[in-house]
Amino acid sequence: MSFLDLFRNLDQLFVNVSGWLLGLLPDWLQPWASIAMRIGVIAAIAPAIMMYLTWIERKAIARMQNRYGPTRVGIYGLAQPLADGLKMLNKEDIVPRGADRLVHLIAPVLAVAPAILLFAVMPFGRNLIAADLNVGLLYVFAISSISSYAIFMGGWASRSKFSVLGAMRGVAQIVSYEVPSVLSAVAVIMVTGSLSLGTIVESQAGYWFVFTPWGFVACLIFFLSGVAEVNRTPFDMPEAESELVGGFHTEYSGMKFALWYMAEFLESFAVCAFTVALFLGGWHGPAIPFWVLALALAILIGTARLLPLPVRGVGALVMVGAGVFWAAQPIPSWIWFLSKTYFLFFVLVWFRGTFPRLRADQLMGLAWKFFLPLALVNILVAGVWLMPQTPVRWAPCLLILWGAVSLLVAVNKPSITDRRTYVLAD
Amino acid sequence: MSATTAETQLLEINLGPQHPSTHGVFRMIATLDGETIVKLKPVMGYLHRNHEQIGEGITYVASFPFTDRLDYFNAMSNNFGLALAIEKLGGIQASERGEYVRVIMAELTRLVNHVAVTGFLLNDMGAFGTPLLYAFRERERILDLFEAASGSRMMCNYVRPGGVREDVPVQWLERAREIVNNFPIFLDEFETLLTENEIIQQRAKHVGVLPKTLAVNASITGPMARASGVNYDIRKVDGYSIYPKFAFKVPLGSVGDVYDRYYVRILEMRESVKILQQALKDIPGGPAISPKGQAISKAPRTFKPPKGEAYGRVESPKGELGFYLVSDGSSQPYRYHIRAPSFINLTVLEDMCLGQKVADAIIILGSIDIVLGEVDR
């Protein structure tokens, strides 16, 4: 195979390139080199992904708030993450007096390590998964729960009351939301009969799980619990800036602080990625051919009155070009996976730009009184769905879910939704 | 089964004076049982600037620039209050146009203050700046008007006894009309984002309830008292300046929680827009300041009011802002005292916070709407 042949099949591009590179090495070295290469790639792309996630978040939130966001460093502020990184490295590393220095140091490292480890089982594309473990999903839950230790260590070691409060909230929240998150994934395991993420994605080839009744509910529970587990708005209790200054990372500065940030962003990315893998079809595209999609987008962009004319023309042409190009060759699986993941990350940013924060006790109520029972009912629904195939299986599933949701809403209905009248006195 | 009690400790935390949500250098020493507040002690005075003592060492008119710094969101209202007190003391009549301009400025100030406080309240609830920045976009437009009229965006120093320092520039009234007429559109947009929001309702309803009797007993004024259902608005009660000429209502809440305080402010902004529209329509020509006011503004030392005392008060956006002046016949006040609404409204903080969570204490403080420049003076 010549070097150019590698690019003929964009879908398997990375697989082929790595195979070609390994082929250059002697046989006895290949297994080791293969491992080293996977580790190296993950260690390199994880920080890069994190850096640009911060850029995406800042830009997107800025636009939601009538601002420009970073514009000064590089075009569109694209070099801003690099500048931020350099700044963080140069900052003084302050450890509070009386803090446990060792634990204070270990905590952020312990937070980042599992976030990067999660990348090992992330199914980026067809055959593009660093380690397709047969217990992949179990591995995900095991690894992601380590972060609660990190948060508590960080909060406790800082010897600050804000940090301790933040850490307390953090641990309670992560442990609580782990339960509905795991239970919602149980439905997927039941249907696919596998814990391997590769197999789970493979089995969504025909239809994405999100388009089934149980899948839709499980997807919502999994994603929202994930948002709570990684402490993003509206569930960012542990760091609650307006209450606890910075929560568990109040007393961190410099690169240690950057590590906390890195852990948070990488875990957010992982939540999005695993939601995509479990429910949104992973690397599979939708069943509609891409040229139809491109045509629709071209018409949409071309006729959008809000955009300036050159943008409309260029955008429409690009879409037509993409449609022609991808009609000849299917869109690579990794593009589908990444675009879905980044879309979900955008949803996270959207939450952050729109929602205020819940209160700690209300948050716990949501986990234990709503998500947990719903996830349990959902397992039942998945079981009904699996019963001998009949065309009417939608009906009982929807019925059970509708009953469960309306019951839970009725039971948990807060008294605050009453409408108030205001007197306009003279 | 006998109940066993685990040994727990109370946690005492210091919120402030350096804290993102204390709106300046306010400090709360909160004693927590878990997350619940069992004791809360406010500590003030970090921004004390000796305002009243300084006022007693300078002429009456020389205090105007200092009043800008009291509640630095509402310089115009503060100026207005002092001007009323001096007018009462010296028996000065204000010019008709001057009164209209002052009322327009005071109501614009109310808009500025209420959008900002709503934005900050949402920030305290954890919304990442979005409502605040939308609010600030509107605030900037009004501050541009202030700058055009007075030369300064926040430290306006514009109102004088007898009227205003100078008349508004040409085209100013047209600009003001446009901004005022567009303001309800912004309010609708703002409310779409906030008023019906489930999270805001969960966070704000039945939190930090201030009962009507306590509000009266603690002499709470302003939107805070009206949210508790106390029908007390100095503009109606006192009818100072030309307010009796305008048709407007006083919105009243029923529960007196954070949500009522938020919504009463929104409704007050709508009423302010009504006042502004009437004032901008009816504003007469003529001098912006009466001759006597002009004279004492130009030569402050010649103004020696007769012995006596006067209390001028306005409905500042935060509550009843009063200036108490005692004259001994010289060109400087013998006693100069300010009834600061931020300070007096803050006294019920502990009553509202007890039994609530830490997160609630922050939004309760935010809903009181304090400015430390006025609390500590």
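Predicted model: local features only at pLDDT ≥ 70, side-chain atom pairs only at ≥ 80, totals over all residues.
Two strands are taken to pair if DSSP finds at least two bridges between them.

Three strands of chain B make up an open sheet, arranged in the order S1-S2-S3 with antiparallel pairing. Strand S1 (11-15) and strand S3 (36-43) of chain B each have a single partner strand, so one side of each is left without a neighbour in the sheet. From one strand to the next, the twist averages 20 degrees. S1(B) is joined by five bridges to strand S2 (residues 27-33) of chain B, and the two run antiparallel. Within this pair, B:Asn14 stands opposite B:Ile29 of S2(B).

**The contact between the chains**

Overall, chain B contributes 56 residues to the contact and chain A contributes 39 residues. The two chains bury about 4000 Å² between them, with 56% of it on carbon and sulfur atoms. Of the area that chain B buries against chain A, 16% comes from B:Phe128, B:Ile199 and B:Gln202, more than from any other three residues.

At least two lining residues come from each of helix H9 (213-229), helix H15 (360-386) and helix H16 (394-412) of chain A, and from helix H7 (198-204) of chain B. H15(A) gives the most, with eight residues. By class, 18 residues of this lining are nonpolar, four are polar and four are charged.

**Cavities**

The model has three cavities of 30 Å³ or more. Two of them are set out here.

| Cavity | Volume | Lining by class |
|---|---|---|
| Largest | about 180 Å³ | nine nonpolar, four polar, two charged residues |

Around the largest cavity stand 15 lining residues, with A:Ser144, A:Gly226, A:Glu229, A:Val230 and A:Val271 nearest its centre. H11(A) supplies the largest share of this lining, four residues.

The second largest cavity has 13 lining residues, of which A:Ile151, A:Asn231, A:Phe248, A:Glu264 and A:Glu267 lie nearest its centre. Helix H6 (146-157) and H11 of chain A are the elements giving two or more residues to this lining. H11(A) gives the most here, with four residues.

Definitions and conventions. Residues numbered from 1 in each chain as written. Chains lettered and ligands numbered in written order. Heavy atoms only, no water. Axes fitted to C-alpha atoms, helices over the stretch in contact; angles between N-to-C directions. Nonpolar A, V, L, I, M, F, W, Y, C, P; charged D, E, K, R; others polar. Contact = heavy atoms within 4.5 Å. Buried area = accessible area lost by both parts, 1.4 Å probe. 1 Å grid on protein atoms, 1.4 Å probe; cavity = no way out; pocket = protein on both sides within 12 Å on 5 of 7 lines; lining within 4 Å. Points joined across faces, edges and corners; volume = space filled by probe spheres on them.
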